Amino acid sequence: MKRAGSLRLLSDLSNFSGAARLRELLAGDRAIRVRCSPDGRHLLLLRPAGAPTPQLLVAGRGASAELERAWPAGHPSPLDAFFLPWPARPALILVWESGLAEVWGEGVGPGWRLLQSTELCPGGGARVVAVAAPRGRLVWCEERQASAEGRLQLPAAAFSHRVCVRTLEPSGEAGTNLGCTHVLLHHCPLFGLLASRKDLFLVPTATTWPGVAHILLIWSPGKGKVMVAAPRLGLFYSNSLNPGRGDTWDFRALLRSLPGMLSPREPLAVHTWAPTPQGLLLLDLRGTVSLIQSHGGTRVVGTLQEAPVGPGRSAALGTFQGTLACVLGSTLELLDMGSGQLLERKVLSTDRVHLLEPPAPGMEEEELETRGGLRLLSALGLFCVGWEAPQSLELPSAKDLVFEEACEYYQRRSLRGAQLTPEELRHNSTFRAPQALASILQGHLPPSTLLTTLRAELRDYRGLEQLKAQLVAGDDEEAGWTELAEHEVARLLKTELVGDQLAQLNTVFHALPTAAWGATLRALQLQPDGNGKLRSQALPDVWKKVLGSATAGKEPPNGILPPFELLCQCLYRLEPRWLPPFVELAQQQGGPGWGAGGSGLPLYRRALAVLGEEGNRPEALELELLLGSGRPKAVLQAVEQLVQKEQWERAVEAGLALSPSSPLLRSEIFKLLLAEFARHRQLDAYLPLLCRLCPPELAPAELLLLLQTYLPDEVGPPTPFPEPGAEPPLTVGLLRTLLEQTGAHGRPSGPVLSLYEDILWDAGTPPPTPPRDL
């Protein structure tokens with residue numbers, strides 16, 4: 001049975017002091033500000049500055065005296081007024097644009113009297129443009145006036161405001177003690193100030209500089225934190241802001257330190273703001289109501305049946321018992337805050353309706369029956385809106401609801417004709433999901449634990465649904481599709497990448513490769529280390545999914561690539577220079593045994609296959625992949641290619657880089673380069689590097705035997721000098737350096753092991769050159 005909303009009259013206002021004036025003001029001016037005292041016994045009505053006849057009226061229930069003040073045209077009038085949360089006796093504070101603040105209270109005798117007057121902006125030079133009174137504090141936004149000579153130009157003038165705070169404490173007959181002024185924000189734009197019981201919201205206004213009109217701030221004095229949020233961008237950052245510790249921020253420097261906050265965005269199209277215990281409600285011009293929570297997160301609550309036509313139409317928002325109440329003109333709409341579903345729509349007899357804040361805890365006994373409801377005030381009286389449920393209504397248990405919903409779900413998927421029943425689901429072990437959820441809801445798992453476990457998934461799901469709605473509406477399609485691709489890749493990387501999931505991953509990478517790679521970059525936590533390498537902080541399980549391969553001997557169906565090949569292909573198309581570092585990092589993350597996967601191929605071979613058939617691959621990338629593989633056979637193949645290209649220095653350096661880990665590979669590369677050294681003189685400039693590559697266990701005799709093998713055959717009798725244009729032969733002078741390297745540890749003390757070793761330690765001078773016959 002559907003529950004029904006009730007609108008019950010609490011008072012026709014006749015029990016308030018000054019009832020006639022109270023009704024007159026409520027019926028006459030739609031823009032009048034209405035506030036309720038924390039105990040719910042006093043009402044404050046203020047026609048603010050700029051109204052034709054600024055006026056203040058404070059009416060109290062019962063024998064309380066009224067306070068009425070009026071300001072003639074041309075005289076300064078209060079910018080705003082607030083009740084102070086003093087439990088002993090009612091008090092209020094009035095604030096003027098000039099910075100004048102007056103504290104009024106009910107004394108021992110009848111009537112209201114001025115208790116204190118102070119200047120918020122001593123010395124002049126400032127104008128208060130917004131003010132709020134969160135619990136125990138007075139916060140205001142003031143505009144710093146520039147001198148005539150130093151008139152500020154845009155955009156500097158748009159950041160000529162600052163936000164200040166002073167503490168408020170009760171002080172006997174003196175009324176209130178105001179603490180020292182502390183500046184929270186310097187060089188900020190014009191902000192509107194809205195206070196809930198715990199937080200202060202700094203919101204953009206119609207005159208806020210457009211470049212920052214998509215940003216709002218949430219200050220939580222109890223936590224000493226400020227949250228900077230951009231609802232349209234989905235960004236929010238937390239920073240310390242505790243006046244007790246002297247914290248203060250330059251607004252411009254604060255934004256520059258927060259990545260993405262200054263991304264171009266349209267200003268927030270807000271019709272009405274409303275602070276609530278749950279956060280800040282926002283009604284936009286399309287009729288959508290959103291909730292901005294104190295931690296910066298934003299969610300859509302629901303959409304009204306009727307959108308506000310323009311800023312001139314009045315609207316009021318409030319919450320009670322998990323329900324959103326919106327008064328738009330003479331219409332009251334009640335929406336479920338969890339689902340956004342319209343619960344009830346009522347047409348009121350007047351369009352001048354104000355929603356009052358709920359009284360503070362500790363209300364009078366006669367108001368206990370209205371606890372949990374929302375109070376509406378109009379010239380017709382004070383009303384309470386709430387829910388009435390029949391006494392005989394029995395709600396089904398959460399466990400019953402689980403099996404009923406699951407029954408409908410499985411019936412839609414089932415191909416059999418027999419009808420499923422909740423009883424069958426209860427006792428059939430085939431359907432385990434509803435049984436698990438029912439056991440959780442029965443209390444086997446605390447709700448807080450369940451919420452903690454599911455919070456991230458629920459947040460992602462909610463954001464994804466909002467993004468889909470944005471794409472359907474055609475808003476910012478390019479950015480929307482990019483974000484959707486990122487969400488999908490992040491989701492798929494958390495699943496087993498086989499079958500449909502792998503096919504879906506391939507589809508996303510082919511359709512939106514840049515967005516897909518960006519999501520992979522975040523999932524693997526890839527970062528360059530400054531030396532041309534990559535590092536990763538991702539968990540081994542994530543890498544294990546990425547490095548998994550197709551079944552041995554089978555081609556992927558329909559051209560679907562395994563995850564590793566898919567990433568290599570994407571990186572090859574977007575940033576080819578990062579492909580070798582990525583493959584090298586994957587080999588390190590995979591460890592022994594992972595690289596082969598199911599196909600028996602090492603990772604570098606799988607990456608080479610993505611580049612194409614052998615002979616058609618980019619030579620530079622192929623070389624980098626071979627050299628970075630760490631496999632002796634692959635590195636030797638790469639060095640042979642470098643020798644063919646006559647890139648001698650790189651060939652020698654490749655051997656030196658791998659020599660500590662593989663002495664056998666070092667020996668093979670040395671023999672390969674020694675053969676080239678024996679045949680021509682292009683390696684002479686790299687002889688010091690070649691000497692370092694020489695294996696330490698190689699004896700001089702073995703070196704000379706190798707050289708003899710590689711020396712070219714003589715085609716004629718030897719000549720002392722080469723023929724013009726011919727390659728110079730290998731000389732003893734060049735050879736001596738290599739022979740010294742093989743005997744670098746000194747001349748042996750034992751017998752000479754080789755016929756040629758004595759030339760290495762002959763310290764005598766060479767014989768003189770015989771004279772030549774001219």
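Five strands form an open sheet in the order β15-β16-β17-β18-β19, with antiparallel pairing. The structure is a predicted model, in which local features need pLDDT of at least 70 and side-chain atom pairs count only at pLDDT 80 or more, while totals for chains, interfaces and linings use all residues. Residues are numbered from 1 along each chain as its sequence is written, and side-chain values use heavy atoms, with hydrogens and water left out. Strands here are DSSP runs of E with at least two residues, and helices are runs of H or I with at least four, both numbered from the N terminus; two strands pair if DSSP finds at least two bridges between them.

In the five-stranded sheet, β15 (191-195) and β19 (235-240) are the edge strands, each pairing on one side only. Neighbouring strands of this sheet are turned by 20° against each other on average, direction ignored. A195 finds its bridge partner in L200 of β16.

A second open sheet has four strands, also with antiparallel pairing, in the order β2-β3-β4-β5. Its edges are β2 (33-36) and β5 (67-70); each has a single partner strand, so one side of each is left without a neighbour in the sheet. From one strand to the next, the twist averages 10°. Four bridges hold the antiparallel pair of β4 (residues 55-60) and β5, and V58 has L67 of β5 as its bridge partner. Helix α1 (residues 19-28) packs on this sheet and touches β2, β3 (42-47), β4 and β5, and its direction makes about 130° with that of β4. Contact means heavy atoms within 4.5 Å; axes are lines fitted to C-alpha atoms, for helices over the stretch in contact, and angles run from 0 to 180 degrees between N-to-C directions.

Turning to helix packing, α8 and α9 (residues 513-524) pack at an angle of about 120°, with their axes 5 Å apart. That angle makes α8 oblique to α9, given that angles under 35 degrees count as roughly parallel, over 145 as roughly antiparallel, 65 to 115 as roughly perpendicular and the rest as oblique. On the α8 side the contact is made by V508, F509, H510 and A511, and on the α9 side by P513, A516, W517 and T520. By class, the contact has six nonpolar, two polar and no charged residues. Ala, Val, Leu, Ile, Met, Phe, Trp, Tyr, Cys and Pro count as nonpolar, Asp, Glu, Lys and Arg as charged, and the others, Gly among them, as polar.

A cavity is a set of points, on a 1 Å grid over the protein atoms alone, where a 1.4 Å probe fits but cannot get out, and its lining residues have an atom within 4 Å of a point. Grid points are joined across faces, edges and corners, and a volume is the space filled by probe spheres set on the points. There are three cavities of 30 Å³ or more. The largest holds about 50 Å³ and is lined by F509, H510, P513, L566, Q569, C570 and R573. Two or more of these lining residues come from each of α8 (500-511) and α11 (563-574), with α11 giving the largest share, four residues. The lining divides into four nonpolar, two polar and one charged.

The second largest cavity has a volume of about 40 Å³. L184, L185, L202, L217, W219, V226 and L241 line this second cavity, and β14 (182-188) and β17 (216-220) each supply at least two residues of the lining. By class, this lining has seven nonpolar, no polar and no charged residues.

How values were computed:
1 Å grid on protein atoms, 1.4 Å probe; cavity = no way out; pocket = protein on both sides within 12 Å on 5 of 7 lines; lining within 4 Å.
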